[in-house]
Amino acid sequence: MSAPRASLRTAGTAAELARAVAAGLAEAGSGTVFGVPGGGNNLELVGAAEAAGLRFVLAHGEGAAAIMAATYAELTGVPSACVVTRGPGAASVVNGVAHALLDRQPLLVVTDTVGAADRVRISHQQLDQPALLGGVTKWSAVLGGDCPEETVRTALAVARQPRPGPVHLDFDPGASGPAPAPPAPLPSSGDMAAAAALLARAHRPVLLAGVGARPFEAALRALVRGTQVPVLMTYKAKGVVPDSWPNAAGLLTGATAEAGVLRAADLIVAVGVDAVELIPNPWPYPAAVLSLGEWPEDHPYFEPACELVGETGARLGELAAHLREDWPEESGRMARLEVAARLERAGAESPSGGASPYEVVEGARRGAPPGSPATVDAGAHMLVAMPLWDAEAPGELLVSSGLATMGFALPAAIASALAAPGRRTVCLTGDGGLEMQLAELETAVRLRLPITVVVFNDSTLSLIAIKQRPQGHGGAGAVRYRDSDFAAIAAGFGMEAVHAAGGAEVTAAVQRSMGASGPLLVDVRVDPSSYPQILDAIRGAR
C-alpha cells in the first residue's frame, strides 16, 4: 500500500496547530481573536480559539480586523490575534498590520496559505505571503509540523519585546523545518551618571512623553508630581500625565503649538519618544536632549546628548532625586490653555451655516462623561479633536499616529468597547474615513456595543484640500465626494441614528446615547471653511 498523501493528514495536523495557537494566546492573557476567516485551516483556528475560551469577533474587512486586534492589544497590554484567509485575505490585511507596526502594537497575524505540498499543482490564490507581509512585520515564520507550540510562543514574545509590533505566521500543516531565528532582545545601555548630571544642572527641564512611555505611567507621574515641570505628550502618550494636572502642557507633534514651551527649556527629557509620531519639521530647539526608552531612537530627528536604553521605569525613579526646576506656577497648564484658545478663535465661525469642527468636538466632549474613551480618525477634524479631548489615563484617546491611516476610528472604537465594556466609546470620524469602514457599523450593531459615532460630514477630504490650494493641484472636485446621509445608512444596518445641526444638538445626542444599550450615530453637517485657520494655529510658521 502506498504512503498516505500529506493532504490526507492535513485535518488532524491543522487541528493540532490551531490548538497550539489558541493555547499560546490564552497563556499570554489574550482573551479575544479578530478576523475574517475563509474555509479550511481558518475554521480550525476559530474553533480552537473558542474551545480555549477565547472570544472570536467576526469583522467585515481584514484591515479592520487587524486594527481591532492591534487596538485591543494596546488597551489590554497583551498581544491579540487577527486571523485571515490566504491570497485576498492576506493582501487585504496589510494596511491594518502596517498600522500596528508604526503604532508599536503587539499583534499576531495568522494567514492560511497554499500548503508547500500543494504548490506544484495549485496556483489559485497563491502569493508569497511572508514576502508580502515581511515589510510590515517584525518577524514572519511558517507554522508547520515542527514544534508549533515553541513557534507560537516565540512569535508572541517577539511581538511584545521592544519595539512592540506585529508578527506573522503562515499556517501550513504540511510544512516542516525550523522557524527562522527571531530578532535578539535589545540590551540595556547608556551612561546613568551623565544623565543625572544633565538633569542636576537644569533649571527649566521639559519632559516629553511618547508612545514608549505608556508602560511607565506610574514612574513618570511620580517624577513630575508636585512640580511645575511641563509635560508634552504625543498622540499615543495622551493621558500618561492627566490633562487635569498643572504639568500637562499639551501635545508634542513636531508642530508650532509646543514651540513656546520647548524654546524656554534648558533641558529636554524625552521618555519613550519615537520619531515615527512626529511630523517632518526640523528640530530647532537649542536645549540638550536626554532620551530614555526601551528601544533606541534610530531616526536622526534629534541628536540626544545622552541616551538610556532599557530599565526605563527604574531609571526614572533614580533620576527623580536630581530633578530641580524653577518654572513659573502652572506653566504647563497655561501653555495648553493658550493652544485651546487659539483653536477656539480659529474654529468658532461657520459662515456657510454648518457646524464648525471646533463646536462639534466641544459638543461631543460636553455630552460625554469625564473619562469617556474616544477614537479619532485621520483627517482635518483630528487637529481639533486631539488637543481638546481631555484624557486622564492612557487609552482614553486613541488614534493612528505612526501610520495615520484613515478608516481607523470605527474599528478602534469596536475594540475599545470590547476591552472596556463598562464605558461608552465616542468615535470621532470624518466622512471619508467612515466610508472606508461602513460595513463595520453592522459589527457594532451585531455585538450591541456601546459606541457613539460622531461623523464630521463635509463630503470632502478637507486636510488634502488645504494642502491642494497653495500648489493649485486639480480643482475642488479632485477631493470632493457626493453628499451622503450617514444617519440613513446607519439605520439601514439597524443602528439608531440622528442628525445634528450644531454643537448643542451634538451635546444632546451624545448625552442621549449614554443611556442607550447599543450603538448610535450622530451625523453632523460640518462647515470646513475654518480648517486652514485651525491648521495654521497648530502647525503654522515657528
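Colleague: By class, how many nonpolar, polar and charged residues does the lining of the second largest pocket have?

Modeller: This is a predicted model, in which local features need pLDDT of at least 70 and side-chain atom pairs count only at pLDDT 80 or more, while totals for chains, interfaces and linings use all residues. Residues are numbered from 1 along each chain as its sequence is written, and side-chain values use heavy atoms, without hydrogens and water. With Ala, Val, Leu, Ile, Met, Phe, Trp, Tyr, Cys and Pro counted as nonpolar, Asp, Glu, Lys and Arg as charged, and the others, Gly among them, as polar, the lining has 10 nonpolar, two polar and seven charged residues.

Colleague: Which helix gives the most to the lining of the second largest pocket?

Modeller: Helices (H or I, at least four residues) and strands (E, at least two) are DSSP runs numbered from the N terminus. With three residues, from the stretch 62–76, the largest contribution to this lining is that of helix α3.

Colleague: What is the phi of R104?

Modeller: R104 lies in the loop between α5 (94–102) and β4 (107–112). Most residues other than glycine have a negative phi. R104 is not a glycine, yet its phi is positive, at about 60 degrees.

Colleague: What is the omega of the peptide bond from P162 to R163?

Modeller: R163 is placed in the loop between α7 (148–160) and β6 (166–171). The bond from P162 to R163 is cis, and its omega is near -15 degrees.

Colleague: Are α3 and α15 parallel or oblique to each other?

Modeller: α3 and helix α15 (residues 409–419) pack with their axes 8 Å apart, at an angle of about 40 degrees; axes are lines fitted to C-alpha atoms over the stretch in contact, and angles run from 0 to 180 degrees between N-to-C directions. Contact (heavy atoms within 4.5 Å) involves, among others, I67, M68 and Y72 in α3 and I414, A415 and L418 in α15. The contact residues divide into 11 nonpolar, three polar and no charged. Angles under 35 degrees count as roughly parallel, over 145 as roughly antiparallel, 65 to 115 as roughly perpendicular and the rest as oblique, so α3 and α15 are oblique.

Colleague: How are α9 and α11 oriented to each other, roughly parallel or roughly antiparallel?

Modeller: A219, L220 and L223 in α9 meet G313, L316 and L319 in α11, a contact of five nonpolar, one polar and no charged residues. Helix α9 (residues 217–224) packs against helix α11 (residues 312–319) at about 10 degrees, with the axes 9 Å apart. The two helices α9 and α11 are therefore roughly parallel.
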